[in-house]
Amino acid sequence: MKGYRIKATILSIFSMGLGQIYNRQIIKGIVFLLVEAWGIFYFSGTLGRALWGIVTLGDEPRRLVKGKWLEGDHSIFILVQSLITLLFLALFIAVYIMNIRDAYKTARNREEGRKPNNFKQSVRYVLDYKFAQSFLSLPALGILFFTIMPIMFMIMLAFTNYSAPNHIPPAKLVDWVGFQTFRDLLSLKTWSHTFFGVLTWTIIWAVLSTLTTYLGGMLVALLINQQGIKFKGLWRTILVIPYAIPQLISLLVMRNMFNGQFGPINQYFSYFGLAGLPWLTDPFWAKVTVIVVNMWVGIPVSMILIMGILTTIPKDMYEAAEMDGASGYQKFRIVTLPMVLFSTAPTLIMQFAGNINNFNAIYLLTSGNPVVGDYQYAGATDLLVTWLYKLTLDQNKYNMASAVGIIIFLIIASFSIYNYRRTKSFKEEDMIQ
């Protein structure tokens, strides 16, 4: 009886669909054969060039003659096309393995005396028992080609010399340089001084912006939640307005308000005989400004989150604390704060990671300025993400920007995973399910 299993497996290895046909699943076998035929047709014309292109990135650049580009190699097009082909190859291999496993399992059922499902029964089985996996496969394909592939492309660019002015296609080819970009970023004084300066400010910004918005939101939520506060709904509505207004509008308005020459804030100072401050033109005051404006935009988010948690804390916990003679501060420290932190710790970590990449708050308010003389294409308030943006769109330093992007990912991923796994919310996850 084991012959069914062996024969079906060997046939499916030899050619997709043959194992299913042997198992008397004719339509399913034909479907697999069609997939294999498509794969042979597609990869016979693209796989060889994809492997050549991913290794060489082209042999001869295009030439501009009388305003027209003649035939030649475009390294970036070759890299993208090679990536697409290799991803299709990975999907084809996955389907090939699935074909072998399906033939093996069906043959095993035949050995146990169970009749194989026909095509209609197989479709019904997928719809009834594998619907979630089948439905999720479509967005998974979208994620593969529209999220994972661009990330892979960015990572690969970091190991090339793709940058202006000497290595921009189609006039020039791009070459693999290994870790040279990372070495330049960390060792060359012109680049390393900028990188470590921007990295330091990015961490300071992420810590301060997260703490100020979180603590400010907690304070406002506790004040509104106090007994004796009237018109609580009105206070909630007023304080949530900065969050309800689109961030783009809020930041652009704030940019005009903090204008050193014509801004209303400095004009108010002048009415009282005070000198205006260089809010956006001095490095120190520009950093203070972005943190203050971020509080204006971010505190309502934390306020709404924490107010929702406060309503879930049982009142008998406060009554028990009062019976033990606890003061208002002790009730906050023993009851309120642990409950709030337990529920918001994962969100707090996400806010910190988000602030590292808070492009809008910096670029819309200061554009990363004021300029620092010895920085490479970066300003005093630039974060790593805004510096990456300038390197890409303003300076065409694509390889350097890709290296910075990889470093940002490593920082955020390592911090988030480490701290999330240490929170009580993660450790006690099974206890609350």
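Let's start at Pro370, which is found in the loop between helix H15 (359-363) and helix H16 (384-394). When I say helix, I mean a DSSP run of H or I with at least four residues, numbered from the N terminus. A cis peptide bond joins Asn369 and Pro370, with omega about 5°. Ser367 lies in that loop between H15 and H16 too, and its phi is near 60°, a positive value in a residue other than glycine. Most residues other than glycine have a negative phi, and most peptide bonds are trans. Ser367 counts as buried, at 16% relative accessibility. For burial, I use under 20% relative accessible area for buried, over 50% for exposed, and partly exposed in between, with a 1.4 Å probe and protein chains only.

A quick word on what you're looking at. This is a predicted model, where local features need pLDDT of at least 70 and side-chain atom pairs count only at pLDDT 80 or more, while totals for chains, interfaces and linings use all residues. Residues are numbered from 1 along each chain as its sequence is written, and side-chain values use heavy atoms, with hydrogens and water left out.

The peptide bond from Pro169 to Pro170 is cis, with omega near 5°, and Pro170 sits in the loop between H6 and H7. Phe231, in the loop between helix H8 (189-225) and helix H9 (232-244), has a positive phi of about 55° although it is not a glycine. Phe231 is exposed, with a relative accessible area of 62%.

Now, the helices. Helix H6 (residues 131-157) packs on helix H17 (residues 398-422) at an angle of about 115°, with the axes 7 Å apart. Those axes are lines fitted to C-alpha atoms over the stretch in contact, and angles run from 0 to 180 degrees between N-to-C directions. Which residues make the contact? From H6 they are Met154, Ile155 and Leu157, and from H17 they are Asn399, Ser402, Gly405 and Ile406. Contact here means heavy atoms within 4.5 Å.

Buried or exposed? Ala158 is buried, with a relative accessible area of 0%. Leaving out residues up to four places away in sequence, Ala158 touches several residues, including Phe182, Asn399, Ser402 and Ile406.

On to the aromatics. How many aromatic pairs does a search of the whole structure find? The search finds 24. Rings of Phe, Tyr and Trp (its six-membered ring) pair if their centres lie within 6.5 Å; planes under 30 degrees apart are stacked, over 60 edge-to-face, and the rest tilted. Phe159 and Phe182 have ring centres 5.5 Å apart and planes at 45°, so the pair is tilted. Phe159 lies in the loop between H6 and helix H7 (180-187) and Phe182 in helix H7, so this pair ties together parts 23 residues apart in sequence. Phe159 counts as partly exposed at 22% relative accessibility, and Phe182 as buried at 14%.

There's a cluster as well: ring pairs link Trp38, Tyr42, Phe43, Phe88, Phe92 and Phe145. Ile84, in helix H4 (residues 75-111), is in contact with Tyr42, Phe145 and Met149, leaving aside neighbours within four places in sequence.

Last stop: the charged end of Arg110 sits over the ring of Tyr22, 5.5 Å from its centre. That label needs CZ of Arg or NZ of Lys within 6 Å of the ring centre and within 35 degrees of the ring normal.

Methods:
Helices (H or I, at least four residues) and strands (E, at least two) are DSSP runs, numbered from the N terminus.
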